Amino acid sequence: MFNRLGEILLKKQAITTDQLDDALACQRQRGGRLGSILIAKGYVSDDEIASVLSLQYDVPSVNLRFTDIRPEAIQLVPIEIAIKYQVLPIARIGSTLTVAITDPTNMMAMDDLKFMTGLHVEPVIASESSIQEAIEKYYGTSYHLELKRVYEQIDAKDRDQKEKEEYQLEVEEEEKELSIEQLQHSGEEAPIIRLVNMILYDAIRRGASDIHVEPYEKEYRVRYRIDGILYNIMSPPLRMRDAITSRLKIMSKLDIAEKRLPQDGRIKIRINVNGVTKGIDFRVSVLPTLFGEKIVLRILDKENLPLDLHKLGFEPSSLSKFERAIAQPYGMVLVTGPTGSGKTSTLYTCIHKLNVPGVNIMTAEDPVEFNFPGINQVHVREHIGLTFAAALRSFLRQDPNIILLGEIRDFETAEIAIKSALTGHLVLSTLHTNDAPSSVTRLLNMGIEPFLVATSVNLICAQRLVRKVCADCRKEEVTPVKALVDIGFSPDEAALIRTFRGEGCRSCNNTGYRGRIGLYEVMDISPPLRDMILTGVSATDIKVQASEEGMLTLRESGLCKIRQGVTTVEEVLRETAWLDARARS
């Protein structure tokens, strides 16, 4: 005879009599498992319940977060059964299948698993919440159930079609070319519409910034970029390639018959996420490749824009310099970094801060990613002659106070931007350079005179994005002192510093990271630096002088984030390792 769960918890003094009575009253009123009720009320933890259940049923317990789950075991049990009985297959050894379950006395579950797999089933105890998290991780729950139903509908349609054409054999030398009508029809079939909607919704739910739909010779895959890293999400059947492509083109209002040239479009949708309805834009790029058209969708969610300089990741000293520079009535502020380093977000945050009724703000962007009320935004179209330089010339006849240029790409644009900064306008723009000092060299190499650069530029800010440690599963870890010294900490500080890492949970898609934060190198152009620019010194000399004046480098900004426990050593190295390589050269 098993001891009752409540009695064991009382004997272990894990709960009080009043707490047990409260939970039992709730169970009588609403039903459910006593253990789940106690956890929900905060009286005990998941691990305590698992430990007690192990004693109650005389069955070993496991912590699924630290258990090696074998993929071949997962394949033995369908997702429907895993959800129905709240079980998770862990490993198969010979004719024995080990499964994690909350209630090993559930004979119906045990019998179904034995009948389905043909194996002897060995149960182990795990908490209910950990099993749910593991099912989400290894199966994908409702999302993959829905995906499976869509695939089954498409398979059924294909089977019906094959039965009709069973005796209509035809040998094809090349891939069949579908007509415009067939492409449009395939893109408007209900299962394809549901599948594409699921892809878009799931990307938003996971917090992705981009969706990549990629055709290969023998594979068709969908990947999401989450916090700067691409993850494989699904591999739809290759035969669905044309239908998915057509559906996305129809939604983007693109030419579904044109397969030889790149196309750009936009999708605007309204979607309900966690009970909140909001508008989402997708910027769509279609590119012909060897085995079909690759489609990349950039997800533009205005609600994800910080629009607060204090939330971007600036160190206090860097932030005060930056705010002082954008408050100037004229001059140039440059934000530099590679593609995907967050330059646009920083500039949008600036103009949001500067957007007041008494100021005329003009922007030239390629493309315009977010619309802001009260700001005059121009979408650059170089193929019709509306370049950055052409837009900037027109801006000067529109009585602007502040001008934002999406990018300085050439001498003409740089020259007009600098002259605008010298004639009473605040100019904000970006450059593709590695760090702040090399931006000066880049402008000089474009052909801009040193005296123009020295007198027009107020501040240069270089930036990178690193992933933040997930706050929900953040745990302290032991980092070797040598690793901390190698990255830039002093030996004394390295011996004392505390570092953190995420273990992986549902909130962060089991990556250990959730969200990103900026590393900033803010170089204020002081009088000594202006003199150095006039004399044409190297970027290295400029960096030395700026550091002596208090500039924090990108690496030093990363060290600040490690001290604060915001990110990891690996993340800082991933974004700043080129600094070490350049120093060695």
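The legends below describe close-up views of one predicted model.

Because the model is predicted, local features need pLDDT of at least 70 and side-chain atom pairs count only at pLDDT 80 or more, while totals for chains, interfaces and linings use all residues. Residues are numbered from 1 along each chain as its sequence is written, and side-chain values use heavy atoms, with hydrogens and water left out.

**Figure 1. Overview of the protein.**
The secondary structure comes to 24 helices and 18 strands. Helices (H or I, at least four residues) and strands (E, at least two) are DSSP runs, numbered from the N terminus. The protein has 585 residues, and 47% of them are buried. Buried means under 20% relative accessible area, exposed means over 50%, and partly exposed lies in between (1.4 Å probe, protein chains only). Among contacts between residues at least 6 apart in sequence, 65% join residues at least 24 apart. A contact here means heavy atoms within 4.5 Å.

**Figure 2. The three-stranded sheet, S1-S2-S3.**
This sheet is open, and its pairing is mixed. Two strands count as paired if DSSP finds at least two bridges between them. S1 (87–93) and S3 (120–125) stand at the edges with a single partner strand each, so one side of each has no neighbour in the sheet. Neighbouring strands are turned by 30° against each other on average, direction ignored. Axes are lines fitted to C-alpha atoms, for helices over the stretch in contact, and angles run from 0 to 180 degrees between N-to-C directions. S1 and S2 (residues 96–101) are antiparallel partners over six bridges. In this pair, valine 87 stands opposite isoleucine 101 of S2. Helix H7 (residues 107–117) packs on the sheet and touches S1, S2 and S3; its direction makes about 145° with that of S2. Helix H8 (residues 128–138) also packs on the sheet, touching S1 and S2, and its direction makes about 75° with that of S1.

S2 and S3 run parallel and are joined by six bridges. Threonine 98 has glutamate 122 in S3 as its bridge partner. The chain passes from S2 through H7 to S3 in a right-handed β-α-β crossover. Right-handed means that, with the strands pointing away from the viewer, the path from the first strand over the helix to the second runs clockwise.

**Figure 3. The seven-stranded sheet.**
The strand order is S12-S11-S13-S14-S10-S15-S18, in an open sheet with mixed pairing. S12 (376–379) and S18 (513–524) are the edge strands, each pairing on one side only. The twist averages 20° from one strand to the next. S11 (residues 361–365) runs parallel to S12, with four bridges between them. Threonine 363 has glutamine 377 in S12 as its bridge partner. Helix H23 (residues 554–563) packs on this sheet, touching S15 and S18; its direction makes about 140° with that of S18.

**Figure 4. Helix H14 and leucine 347.**
Helix H14 (residues 343–354) lies across several strands, including S10 (331–336), S13 (402–405), S14 (426–431) and S15 (457–469), and runs at about 170° to S14. Leucine 347 is found in H14. Its relative accessibility is 4%, so leucine 347 counts as buried. Beyond its neighbours within four places in sequence, leucine 347 contacts Val335, Leu404, Leu428, Ser429 and Thr430. Leucine 405 is 58 residues away from leucine 347 in sequence, with a C-alpha to C-alpha distance of 9.5 Å.

**Figure 5. Two nonpolar cores.**
A nonpolar core is a set of buried Ala, Val, Leu, Ile, Met, Phe, Trp, Tyr and Cys residues joined through side-chain atoms within 4.5 Å. The largest has 39 residues; Met332, Ile408, Val453, Ile460 and Met523 touch the most other members. A second, separate core has 32 residues, among them Val213, Val222, Ile233 and Met240.

Aspartate 210 lies in strand S4 (residues 210–215). This residue is buried, at 6% relative accessibility. Its side chain makes a polar contact with the side chain of serine 209 (2.9 Å). A polar contact is a pair of N or O atoms within 3.5 Å; within protein, one must be able to donate a hydrogen and the other to accept it, and residues adjacent in sequence count only if both atoms are side-chain atoms. Aspartate 492 lies in helix H20 (residues 491–496). Aspartate 492 is exposed, with a relative accessible area of 64%.
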